[in-house]
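Please open the model in your viewer and keep the selection tool handy. We will go stop by stop, and at each one you will hear what to select and what is there.

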Amino acid sequence: MGSNQHYVIIGNGVAGNEAAYFLRQRDPESRITIITAGRLLFYSRYELPRLFHESCDWRDFLVNPVEYYVNNRINVRRNSFVTHVDAQRRTLSLAHKEDITYSQLLVASGGASYLPAELDEFAPLLNGFNLYSAACKVRDILPKQGKVVMLGGDVLGLDLARNLIREGYQVILVTSEHTFWPHRVDSAERTLFLGTLREMGVEVIEDVRIEQIEQGAPGMSARHILFDNGRELFADVVMPFFGLLPAADFMMGSGVDFERGLLVSTNLRTTDQNIWAAGDVCQIWSPEENQYRFYYGWKNVKKMGEIAARNMTGDDIHWETATDQKLFIDKHKQLVSPYWEHD
Amino acid sequence: MKETDIQLMFCGSAGDGTIAVGDIFKRAMARAGYKVIAFDIYPPEIRGFGKCISRVRVTSRQAYSLKHASDVLVSLNDSYAIPHVSEVRDFGSVIYDNAPITSMAEGEHISGHLLPGQLPYGLRMREISDQTTGGSKSKNIVALGYLAGLFGISREPFHLIIKDKFKTKDQSISESNLLAFDTAYTEGASTFRLDFIEWGAPERQEIGGKVQMMTGNAAVVRGCLDAGIDCFFGYPITPATSIMERLATELPRRGGRLLQTEDEISAIAATIGAGYTGVRAATATSGPGLALMVEMLGLGVIAEVPSVIFCSQRGGPSTGMPTKTEQSDLHLAVYGGAGDAQRIVLAPTNVEGAYRCAGKAFEMAEKYQTPVIVLLDLYLSNRYETVVLPRQNPFEADSSKHRSNVERGVPYQRFALTEDNISPRTVPGEEGGVHVITGLEHNELGRPNDQSEMHNRMSEKRHKKLLAALDHPGITIHKRFGDTGQVDVGILGWGSTIGEILEAMLMAQAEGIRCSVMKVVMLSPLPNEPIRAFFSDCREVLIPELNYEGQFANLVAAAVPKPFTRLNRVPGVPMQVADILEQIRCLAERTKSSSAA
């Protein structure tokens, strides 16, 4: 690989930044561009719950200091939205009508929060926690010891729940089939884990369907939730946690095979010679299971970034999962997901 | 109270309304009660769409100069703004159009050039302008509205200024621009802010005058008018033209006269001619114009005729850099011309100083019967500042005060050798005041006389009479700032560079360096004694100025036989505070080393 290479990475998360690091190590003279829709440099979303217990701003969440990008000549194009990838011309288009050519492209655009269709109409009344700005908003509107209703309850939500309880907030979990996502749990495990959550202080509501979410009356709690069994709840914040969907709409029409995510072989190459994928956006071929599957969590995703970068620069390394994917209860009777581990 | 110190930079092409939006912004901020310093850079070409930059520093307390790094860059044209991205500080903001109408090649959009520490704010500038005004011309107003909304600045002062800006146009234009502003304001207000730019309230304090925002040239005009100028003769030249343009509007309203002459030679000739008749007259030019005027200036000196010449310096020589600033006409102003033609030269250091020097120049010209040159430069001429002008007119309005009655029965000696070297002056038409006036050396009656003794005495008279100007009341001839008594580093400066020098001094003091600044406003005759005293107080002296060889330093070297360090720059733009600060640090270090040795 020579110095005339332009590596373009779509996505500014763990996989993209790990790849950028290894690309720079292995091809010092190349151009490296990270494209992201966000306005910030790479920060740790896992750390965002810190907003509830200490005075900090986004600079405290940066994984790398500003100088890192200057010193490593990694150009991070923020607030830039990819609309289309032309694999034949090795060009991608940005929403502001600028075309960028690449030698090799890594798609590491991650996942976007999934919201079931029946909740779509209530979206303006729901708060996310996937971005710094969204997390700040929750912090700002949530009163001390306020009440949070979590819908779904994927592991990202459960991570937040345990932090909120630690800080004295009330958390109510309304379960769904996505509770504990992406862990696969059987019914016995589900009962056990829900019990542990209750012991941790989470109020758990099962087997209900949401009929209505409304703005609370003036002077009352901000949100009012009605269930199909007639029960109603008042809360300060309602947050959906139904797992992630691969965020790669811009790859439609690129000619690259796409199922639920971008399909990649075990060396993380897509069906196009010059396009690779890593992180939550891709489904990796599993010879053992004879199917494509997703792998989640900081450690897995980070490893994917490294493998992609190595293979983009001439190696032929194959994927092996880095994390035990089992949810478990530790000796302190706390529910623990390996997906919560991060650097 | 939270303090405000924010600098914005609007960058675009001449057709984008860049200077206009900067103007609205600074006027709105001044109206809101903030202190403002602003400076616009525009292209030298009269036609075309060159680069325009408007920099505005908004503070709650008075600042002395623009900052090197801006807090916010607003790009109205990416190709012009991209080279200036590095002038935005870390964690500062860049606002740009993220929905342009045309496709672009890689690297042509500003988002690809932002430094990692800078924060991007994309805005649908053109789209919002199209939706609200039916065209893209109000992109600048959209950017302004977004900016105001983003930082939570009250929209009221903006509304007032926008209405005022469009008051001569159809009402629908004003209304659509207000709609564009408000639409973008809402978008800005709903944008999640990531920067750390804080707008505090303006500092309200009782002051003894009226707060206004104006440029150096506007202040010159105000000074001229308050001093009772009767006539102005000029020929247009950048960056002095706006003096004539403003006077062309104002002077006739007050019964004065303004004539655009065929060239600079005619302008100075008419000015001296008018001064000879006893009225207050002035002209304004730049270096190339002053070069043409110096022969006639000699006439003014030898004939002892009051006249005022405003010279706004620009990059030279010759046509040079008409839209860039420089301080390189000092030698020309002080020495230019044939013979020993000493005259008074004043160099204001800020906008308020431009007002005072302009008004006082007329008094001095009359009192000391000489041409007075007021040296500005492009940076000061075009720079906006909020200033407090006195409620009471500080200038002598009576132009006849320094004239004398003719003594009956004795021949009138227009150039009589007196104790204070100032002769009785009459104006044409005064009974008994008939005299000869010429460019030839003369005797006391004004009749030609080239005898060596007479030339000696007249030369001495013409020089010595000016020394009294060093004590002229109501004007700062020189002033010291900063630490008093003995200091490690003294910085001696003149003209518009004083602002940067003062900022550097404050930074150096904050670093623990004992330092002091002396500004010199009167450059001819030079206040030698105070400068020598300043040298005695300073272990090291630095003289920063915007010319290649150090023209002021040359004057000082002739007056003070002591070593000093020159800092000469000719970048065409104001001197960098960091540059001066670096030199101060070096000199402070040197004093430590010499102490240790």
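Helices (H or I, at least four residues) and strands (E, at least two) are DSSP runs, numbered from the N terminus. Residues are numbered from 1 along each chain as its sequence is written, while chains are lettered from A and ligands numbered from 1 in the order in which they are written. This is a predicted model, in which local features need pLDDT of at least 70, side-chain atom pairs count only at pLDDT 80 or more, and totals for chains, interfaces and linings use all residues.

**Stop 1: two cis prolines in chain B**

Select P239(B), which sits in the loop between β8 (231-234) and α8 (241-253) of chain B. The peptide bond joining T238(B) to P239(B) is cis, with omega about 5°. Now jump to P317(B), in the loop between β11 (307-313) and α11 of chain B. Here the cis bond links G316(B) and P317(B), and omega is about 5°.

**Stop 2: two positive phi values**

Go to F91(B) in strand β5 (residues 88-97) of chain B. Its phi is near 65°, a positive value in a residue other than glycine. To judge burial, count other C-beta atoms (placed from the backbone) within 10 Å of the residue's own: 20 or more is buried, 12 or fewer is exposed, and in between is partly exposed. F91(B) has 17 such atoms, so it is partly exposed.

Next, select N421(B), in the loop between β14 (384-390) and α14 (452-467) of chain B. N421(B) is not a glycine, yet its phi is positive, about 65°. Is N421(B) buried or exposed? It is buried, because 20 other C-beta atoms lie within 10 Å.

**Stop 3: a helix pair in chain B**

Colour helix α3 (residues 125-133) and helix α4 (residues 139-150) of chain B. They pack at an angle of about 110°, with axes 8 Å apart; axes are lines fitted to C-alpha atoms, for helices over the stretch in contact, and angles run from 0 to 180 degrees between N-to-C directions. That makes α3(B) roughly perpendicular to α4(B), a label for angles of 65 to 115 degrees (under 35 is roughly parallel, over 145 roughly antiparallel, the rest oblique).

Show side chains for M125(B), R126(B), I128(B) and S129(B) in α3(B), which meet K139(B), V142(B) and A143(B) in α4(B). Two residues are in contact if their C-beta atoms, placed from the backbone, lie within 7 Å. The residues of this helix contact comprise four nonpolar, one polar and two charged. In this scheme Ala, Val, Leu, Ile, Met, Phe, Trp, Tyr, Cys and Pro count as nonpolar, Asp, Glu, Lys and Arg as charged, and the others, Gly among them, as polar.

**Stop 4: the domains of chain B**

Zoom out and colour chain B by domain: domain 1 (5-189), domain 2 (211-390) and domain 3 (478-596). These bounds come from an automatic or database domain assignment. The centres of domain 2 and domain 3 of chain B, taken over C-alpha atoms, are 27 Å apart. Where they touch, 25 residues of domain 2 of chain B are in contact with 21 residues of domain 3 of chain B. By class, the domain 2 side of this contact in chain B has 12 nonpolar, nine polar and four charged residues.

**Stop 5: across to chain A**

Now colour chain A by domain: domain 1 (6-112 + 245-312) and domain 2 (115-242). Their centres, over C-alpha atoms, are separated by 29 Å. In chain A, 12 residues of domain 1 are in contact with 11 residues of domain 2.

**Stop 6: F258(A)**

Finish at F258(A), in the loop between β16 (244-246) and β17 (262-264) of chain A. F258(A) counts as buried because it has 21 C-beta neighbours inside 10 Å. Leaving aside neighbours within four places in sequence, F258(A) is in contact with M251(A), M252(A) and L263(A).
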